[in-house]
Amino acid sequence: MTERRLLLVNGPNLNLLGTRQPEVYGSTTLAQIEARVAELAAASGLDIRAVQSNHEGVLIDAIHDARTDCAGIVINPAAYSHTSVAIADALRSVELPVAEVHLSNIHAREEFRHHSYVSAVADMVVAGAGPLGYEMAVQYLAGRLSQ
Ligand code: DQA
């Protein structure tokens, strides 16, 4: 694998991190998460393309684009985790390693959050670690890509 880039995908409502239900999602903003991910990736010689959208098709297009110039995908599909066969299929189609992140522990929340379509495609899943989950995802992918 010659590509040294990770795609970081954040789904709907995550643009509001920092002010959105801080009791559930904490006070770290998306900009802070993206900066930390970029910093950590750089330490492994990887750069980051960060995409956040509230629109399913935009997320799917970004996943498709990764096929040509990315080596792995870190994704928090947010509510689309629980609804989107299309995002799961897009991830399946690009055949890149996938790390799925949830800030909250979706398994300890409402029943409808317990199932993620993306988890069936993901190589690793982290839930409930807050922003640290994104760091774990980058470490995981960096480790895989160095093998
Ligand atoms: C989330 C969990 C989802 O259930 C929710 O819809 C989100 C964020 C998380 O990061 O904990 O928007 O993916």
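**The ligand site and its surroundings**

Good morning. I begin with Y25, which counts as buried because its relative accessibility is 9%; buried here means under 20% relative accessible area, exposed over 50%, and partly exposed in between, with a 1.4 Å probe and protein chains only. The structure is a predicted model, in which local features need pLDDT of at least 70, side-chain atom pairs count only at pLDDT 80 or more, and totals for chains, interfaces and linings use all residues. Residues are numbered from 1 along each chain as its sequence is written, and side-chain values use heavy atoms, with hydrogens and water left out.

Y25 belongs to helix α1, residues 22–25. Helices (H or I, at least four residues) and strands (E, at least two) are DSSP runs, numbered from the N terminus. Setting aside neighbours within four places in sequence, Y25 is in contact with L17, R20, L103, S104, R109 and R113, where contact means heavy atoms within 4.5 Å.

Let me turn to the annotation. UniProt, in an unreviewed entry, places the feature "active site" at Y25 and H102. These two residues span 78 residues in sequence, yet no two of their C-alpha atoms are more than 9.3 Å apart, so they gather at one spot. UniProt positions are given in the numbering used here, feature names are shortened, and annotations may be inferred rather than shown by experiment.

H102 is located in strand β4, residues 98–102, and it counts as buried at 4% relative accessibility. Beyond its neighbours within four places in sequence, H102 contacts N76, P77, S81, S116, V126, A127, G128 and A129. The side chain of H102 also makes a polar contact, at 2.7 Å, with the side chain of E100. A polar contact is a pair of N or O atoms within 3.5 Å; within protein, one must be able to donate a hydrogen and the other to accept it, and residues adjacent in sequence count only if both atoms are side-chain atoms.

Which residues are around the ligand? They are R20, Y25, N76, A78, A79, H82, H102, L103, S104, I106 and R113, each having a heavy atom within 4 Å of the ligand. By class, this shell has five nonpolar, four polar and two charged residues. For this count, Ala, Val, Leu, Ile, Met, Phe, Trp, Tyr, Cys and Pro are nonpolar, Asp, Glu, Lys and Arg are charged, and the others, Gly among them, are polar.

A polar side-chain atom of N76 is 2.8 Å from an oxygen atom of the ligand. For L103, a polar backbone atom lies 2.8 Å from a ligand oxygen atom. For S104, a polar side-chain atom is 2.6 Å from an oxygen atom of the ligand. The ligand taken alone exposes 320 Å², and the protein buries 99% of that; these areas come from the Shrake-Rupley method with a 1.4 Å probe, and for residues only the protein chains shown count as cover.

The unreviewed UniProt entry also lists N76, H82, D89, L103, S104 and R113 under "binding site". Do these residues gather at one spot or lie apart? They span 38 residues in sequence, and the farthest two C-alpha atoms are 23.8 Å apart, so they do not all gather at one spot.

Two of the listed residues are in loops. H82 is in the loop between β3 (72–76) and α4 (85–94), and it is buried, with a relative accessible area of 14%. Apart from neighbours within four places in sequence, H82 contacts I106, F112, R113, H115 and Y117. S104 is in the loop between β4 and β5 (124–127), and it counts as buried at 8% relative accessibility. Not counting residues up to four places away in sequence, S104 touches V24, Y25, R109, A127 and G128.

Next, helix α4. I87 lies in helix α4 and counts as buried at 1% relative accessibility. Its C-alpha atom is separated by 8.5 Å from that of G57, 30 residues apart along the chain. V85, also found in helix α4, is partly exposed, with a relative accessible area of 43%.

Finally, some backbone geometry. N13, in the loop between β1 (5–10) and α1, has a positive phi near 75° although it is not a glycine. Q21, in the loop between β1 and α1, is not a glycine either and has a positive phi of about 35°. Thank you.
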